[in-house]
Amino acid sequence: MPERTLIGILSRTAYWVEWWRRFGPASGNEPKLENPFGRYVITTFVKGTNMGPYEAARHIPGVSGHELSYTANRHFSIVLLNEAIADLVNAHARLDISQAWGDGTAVAADGTHMDTYLDNLLAETSVRYGKPGGIAYHHISDTYIALFTHFIPCGVWEAVYIIEGLLKNTSEVQPTTVHADTQGQSQPVFALAHLLGFDLMPRIRNWKGMTFYRPSKQSEYVHIDALFGEPGKNSIDFDLIESQFRHLMGVAVSVREGAISSSTLLKRLRSGSKKNATYAAFREVGRVIRTVQLLRSCPAPRCVGG
């Protein structure tokens with residue numbers, strides 16, 4: 001394959017997919033630029049490489065720092081960028097080669113540390129990496145393309161953003177299974193993912209410390225009863241789930257319709273009082289789903305005590 005420059009690739013995809021047409025003035029009018037195609041491609045290159053408009057103008061002939069800065073501030077926005085991303089995801093999904101990797105039904109969610117200046121509202125010093133920056137939390141499809149990305153501070157509970165990216169994904173690729181790191185094994189996250197129709201499959205650590213829950217105190221199993229602890233304990237309170245069913249579905253519908261952010265909800269459920277009935281119901285649903293997931297993923301020899 002011939003070598004391509006990054007800005008050349010941007011130009012080719014802009015010509016074929018026409019994602020550059022998503023950008024323009026906030027008024028919705030036609031851009032009053034001499035060459036909007038070229039200006040938007042260069043601005044996308046500058047923003048994507050984090051070069052900065054005035055530094056880029058030193059190396060790219062024919063443009064000034066003021067022109068690039070003006071275009072970025074007046075013709076670009078997060079909403080428009082996400083629309084352009086959706087155009088690219090849809091175009092990628094129509095390629096034959098993308099189907100060789102997957103069918104688009106699964107997605108992996110994980111964060112990557114990104115360096116930033118200290119005078120940034122989202123910048124924090126990462127304990128893990130020992131330097132300032134933020135976390136780019138990506139949702140990567142099994143067809144090997146990024147569907148959505150959040151930029152979040154270091155140290156936050158990343159699991160609350162697992163579902164948010166799936167709901168904000170407006171492309172034609174709509175995955176139903178999401179793989180996450182160990183932070184995704186929280187019971188409220190399992191519950192909300194299930195209520196919204198997603199199959200959450202996080203990486204689970206400390207298998208020996210995981211608690212399996214019985215459907216009732218009377219439930220007993222011939223070969224795997226030891227997984228559920230002492231007989232009569234670790235049972236699901238289905239009466240609580242039934243009594244709170246309307247509230248659970250109301251919350252799920254509110255999240256689906258955008259009335260409340262899933263990340264905001266999960267933050268409250270994480271720090272909420274365990275005496276709160278809605279929190280307790282989410283916890284019980286999460287216990288059910290996590291137990292099913294553990295049984296599905298449990299290696300057979302370990303499950304039977306081998």
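The model is predicted. The protein has twelve helices and six strands. Of its 306 residues, 42% count as buried. Taken along the principal axes, the C-alpha atoms fill a box of roughly 75 × 45 × 40 Å.

**Strand pairing**

- Strand β1, residues 106-115, runs parallel to strand β5, residues 177-180, and three bridges join the two.
- Within this pairing, A106 stands opposite T177 in β5.
- Strand β5 also pairs with strand β6, residues 199-202, again in the parallel sense and over four bridges.
- In that pairing, V178 is the residue that stands opposite L200 in β6.
- Between β5 and β6 the chain passes through helix α7, residues 187-195, and this β-α-β crossover is right-handed.
- Strand β5 therefore has bridges to β1 and to β6.

- The structure holds one cavity of 30 Å³ or more.
- The largest cavity has a volume of about 50 Å³.
- Its lining is made up of N82, I85, A86, V89, L147, F148, K168, N169, T170 and S171.
- Two elements give two or more residues each to this lining, namely α5 (78-93) and β4 (146-153).
- Helix α5 gives the most, with four residues.
- Sorted by class, the lining of the largest cavity has five nonpolar residues, four polar residues and one charged residue.
- K168, one of the lining residues of the largest cavity, also takes part in a salt bridge with E164.

- E164 forms a salt bridge with K168, and the closest N and O atoms are 3.5 Å apart.
- Both residues lie in helix α6, which spans residues 162-168.
- E164 and K168 are four residues apart in that helix, about one turn.
- E164 has a relative accessible area of 8%, so it counts as buried.
- K168 has a relative accessibility of 42%, so it counts as partly exposed.

**Other salt bridges**

- The count of salt bridges comes to eleven.
- K233 forms a salt bridge with E230, with the closest N and O atoms 3.4 Å apart.
- K233 is partly exposed, because its relative accessible area of 45% falls between the cut-offs of 20% and 50%.
- The side chains of R283 and E284 also meet in a salt bridge, at 3.5 Å from N to O.
- E284 is buried, because its relative accessible area is 3% and the cut-off is under 20%.
- R22, E83 and D87 are linked in a network of salt bridges.

**Points to locate in the structure**

- For the salt bridges, the pairs to find include E164 with K168, K233 with E230 and R283 with E284.

How values were computed: Residues numbered from 1 in each chain as written. Predicted model: local features only at pLDDT ≥ 70, side-chain atom pairs only at ≥ 80, totals over all residues. Heavy atoms only, no water. Right-handed = clockwise from strand over helix to strand, strands pointing away. 1 Å grid on protein atoms, 1.4 Å probe; cavity = no way out; pocket = protein on both sides within 12 Å on 5 of 7 lines; lining within 4 Å. Points joined across faces, edges and corners; volume = space filled by probe spheres on them. Nonpolar A, V, L, I, M, F, W, Y, C, P; charged D, E, K, R; others polar. Salt bridge = Lys/Arg side-chain N within 4 Å of Asp/Glu carboxyl O. Buried < 20%, exposed > 50% of the residue type's maximum accessible area, 1.4 Å probe, protein only.
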